[in-house]
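Please walk me through the salt bridges in this model. Where do the partners sit along the chain, and how accessible are they?

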Amino acid sequence: MKDVLAGVDLGGTTITVAFSDMDGHLLFDECVATEAHNGPDNVIQRIGKLLQELALSKSSNIKAVGVGAPGLIDVESGVTKFLPNLPGQWRDVPLAAKLTEFVRCPVKVVNDARAATLGELKFGHGKVFSNATLAFFTLGTGVGGGVAVDGKLRLGPLGAAGELGHQTIVQNGLKCGCGNRGCLETLASGPAIAAEGIRLMKSGLAPNLYEKLGGNADRVSVAEMMAVYENDTAIQDAILAAANYIGIAAANVVAILHPDLIVFGGGVAEIGKPLIDTVSQVIVDRVGMFPADNVQVKKSMLGVKAGAMGAIGLAMNTIGHVTI
């Protein structure tokens, strides 16, 4: 039996479980459907049984488990306080304790965006810096994030530090799910960008998008918008407007932290060069108190594996192999 660490990325639709050796080198990962509609106990049981089955099939002994979960977590106790995108919102569910019953080893839980930040810090772009300070934006159905200062993940007293998607960008803007108005999430999440694509298509301002999708608004997504990016100028404007809002948010972070780098993960990060170039320029234009052109802006090196790898980093921390 070989000793391993396990990372769990708990999402609304899928659960990713990854195993690594004791030094954090990825051995394999596997995804299953979350089936969140069946409630917390069922989901936790699915995770626990999957961990048991994988350990048995790989002749492995799990020494610690890290979990990234989508919402507010009591990091000390491993109790979920509010997971807004899962049915029932998982209020006061002892996730760590329940998983421990299956794996019989330490289990630690943090917010999934903070886990992805840790993954990028320890296994991605952060590896090239000594004691890196970085900000990680998760750009997807929502906009989340995390910050690491001098090589350490900043969690705060509730594990909620780094909610980069819920900084106000437009005063008295659209109502956000968090209760605030004008959050970055209302302007630059996947659904927010797609909503503008739908408006443009239905207004006759995006003829190539209309032709590509047969006028079916249900098929509009950021990926489909990028497929006609070069040919529909209104779509270009919409993408660049969202990138500009993200740039303003990133410039705010730079002014506060002066990080070594800003990293983007999630589906919207697949915009690629238009996003990176726009954000880089907005940072230079808006940060006037010090030179900011040395702040690197990059797409995540880990991609969809950032969350699971961050959960492995969390497991490494649990047994004292890394500091977060």
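**Salt bridges, within a helix and across the chain**

Start in helix 5 (residues 190–202), where Arg-199 and Glu-196 lie three residues apart, so about one helical turn separates them. This is a predicted model. The two side chains form a salt bridge, with 2.8 Å from N to O. Arg-199 is partly exposed, at a relative accessible area of 43%. Glu-196 is also partly exposed, at 28%. Side chains of opposite charge can pair when their charged atoms come close.

Now turn to Arg-114 and Glu-163. They form a salt bridge too, and their closest N and O atoms are 3.1 Å apart. How accessible is Arg-114, buried or exposed? Arg-114 has 2% relative accessibility, so it counts as buried, the cut-off being under 20%. Glu-163 is partly exposed, with a relative accessible area of 33%.

Next comes Glu-270 with Lys-299. Their side chains meet in a salt bridge at 2.8 Å, N to O. This pair also joins distant parts of the chain, 29 residues apart. Glu-270 lies in the loop between strand 11 (261–265) and helix 9 (273–286). Lys-299 is in strand 12 (residues 296–299). Lys-299 is partly exposed, with 38% relative accessibility.

How many salt bridges are there by this rule? The count is nine, with a side-chain nitrogen of Lys or Arg required within 4 Å of a carboxyl oxygen of Asp or Glu.

Technical notes:
Residues are numbered from 1 along each chain as its sequence is written. This is a predicted model: local features need pLDDT of at least 70, side-chain atom pairs count only at pLDDT 80 or more; totals for chains, interfaces and linings use all residues. Side-chain values use heavy atoms; hydrogens and water are left out. Buried means under 20% relative accessible area, exposed over 50%, partly exposed in between (1.4 Å probe, protein chains only). Helices (H or I, at least four residues) and strands (E, at least two) are DSSP runs, numbered from the N terminus.
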